[in-house]
Amino acid sequence: MTITDQPEAERLRGRIATELGRTRERTALLTDAVDDADLVRQHSPLMSPLVWDLAHVGNQEELWLVRDVGRRPPVRQDIDDLYDAFKQPRKDRPSLPLLPPAEARAYVAQVRDKVYDLLDAARFTDRKLVEDGFAFGMIVQHEQQHDETMLATHQLRSGPPVLHAPPPPEPTARVAGEVLVPAGPFTMGTSTDPWALDNERPAHTVELPAYVIDAAPVTNGDYRRFIAEGGYDDPRWWSTEGWRHRVEADLTAPMHWRRDGDGWAYRRFGRWSAVRDDEPVVHVCFHEAQAYAAWAGRRLPTEAEWEKAARWDPATGRSRRYPWGDEDPTSAHANLDQRHLWPAPVGAYPAGASPLGVHQLVGDVWEWTSTTFRGHPGFTAFPYREYSEVFFGDDHRVLRGGSFGTDRSACRGTFRNWDYPIRRQIFSGFRCARDATAEEARG
Ligand code: AVJ
Ligand code: FE
């Protein structure tokens, strides 16, 4: 799609302004919830101080929209290095001469004013960077991704609760067991979604043998059985690398869990409560997911298997944007947008199921896949290698689907996340898969 007429350009301008505004409200919520001392503190060596994320978001917006798209003079060129994620390792960020909270807020507001100004004059046709508003969409997604990171920082911080939200909806459908996905080709990735990032492109055909995938993510109840049956103490279920990590890090349960009588409790944004069995398990690393799957006699899905289950429509052979169709997510489809502060019980989103009957693929928890992060065939870095390409290789595993803390703008059937296999401060869970038996494959 290329914008050719004026009313269409005006509509796009309006949509960009709405998305920018909505996103900044979330950033403000996450940074206004705590005092200045809390904003500059490092709550975990894995995370930046919140005030670093805040000014980094503004700096990326300045680099791409003010300077590059708008060709305006720099606002604060002197701080570029401080907020360059590649120049400043996380552990060093608290000791940098960062902008103090009031200055960081003033800075991001000043950048945003200039962006609204240049948006008025923007044409969405003259350069690939702005075609269909891409650069604006990229910056919206970047800020939303940092908002999810800040939400994970909130989950790591100690002290009384400062974030509040209603609990997710209760189940309305019975969802259990597995779904057979028949053998055959499907279209993976996209060449047409205007705000899709470089690593989602291009669309290409992938041929998969028949497989079986869980109708829902693995729940706390399932995972508790793995713990109770000694899963953490039996190297048989773990990869060599996974077992080494299990021992070194002394893993015994998901992050933020503790024993509570003969059961378990978890801490969520400062509140302890009893673990609820029908919710997807969250805060497990790739190695834990992989070990659980082996214990259960299953395996993790490949990234292609996840995407086919999420997008392939057997009636048309087409791949959809989302499991439920091509329409943008609403609160009926998926647990996204930080509307709730934890995953919804299985069966809470029947309207979000895929045509094959796979539930809660989008929202709730990021799902680990067995696939290492690489470019799709025909990948080209755009607009910068540091978004995706420098992370390609064997070090990162792909996660799909988004969590309760992912914004709808930064989540779709093609969206790809990645992290180190030991990470679990992110909102990560998983579902299992297996090869279809010969009999199942015959149908
Ligand atoms: C895609 C979530 C892995 O947070 O490291 C933010 C997104 N890239 N700033 C990350 C990102 C640059 C990225 N992830
Ligand atoms: Fe960033």
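A: Helix H9, residues 303-311, is mostly covered, with nine of its nine residues buried, where buried means under 20% relative accessible area, exposed over 50% and partly exposed in between, for a 1.4 Å probe and protein chains only; helices (H or I, at least four residues) and strands (E, at least two) are DSSP runs numbered from the N terminus. This is a predicted model in which local features need pLDDT of at least 70 and side-chain atom pairs count only at pLDDT 80 or more, while totals for chains, interfaces and linings use all residues. Residues are numbered from 1 along each chain as its sequence is written, chains are lettered from A and ligands numbered from 1 in the order in which they are written, and side-chain values use heavy atoms, with hydrogens and water left out. The buried residues of H9 include Glu303, Glu305, Trp306, Lys308 and Arg311.

Leaving aside neighbours within four places in sequence, threonine 372 is in contact (heavy atoms within 4.5 Å) with Gly393, Asp394, His396, Arg397 and Val398.

Phenylalanine 373 lies in the loop between S8 and strand S9 (397-400), and phenylalanine 373 is buried, with a relative accessible area of 0%. Not counting residues up to four places away in sequence, phenylalanine 373 touches Asn199, Ser388, Phe391, Phe392, Gly393, His396, Val398, Arg416 and Trp418. The C-alpha atoms of phenylalanine 373 and threonine 205 are separated by 18 Å, these residues being 168 residues apart along the chain.

Trp418 also belongs to the surroundings of ligand 1, together with His142, Gln145, His146, Tyr387 and Asn417, each having a heavy atom within 4 Å of the ligand. A nitrogen atom of ligand 1 is 3.1 Å from an N or O atom in the side chain of histidine 142, and a polar side-chain atom of histidine 146 likewise lies 3.1 Å from a nitrogen atom of ligand 1. His142 and His146 of H5 are also among the residues that meet H3.

Methods. A polar contact is a pair of N or O atoms within 3.5 Å; within protein, one must be able to donate a hydrogen and the other to accept it, and residues adjacent in sequence count only if both atoms are side-chain atoms.
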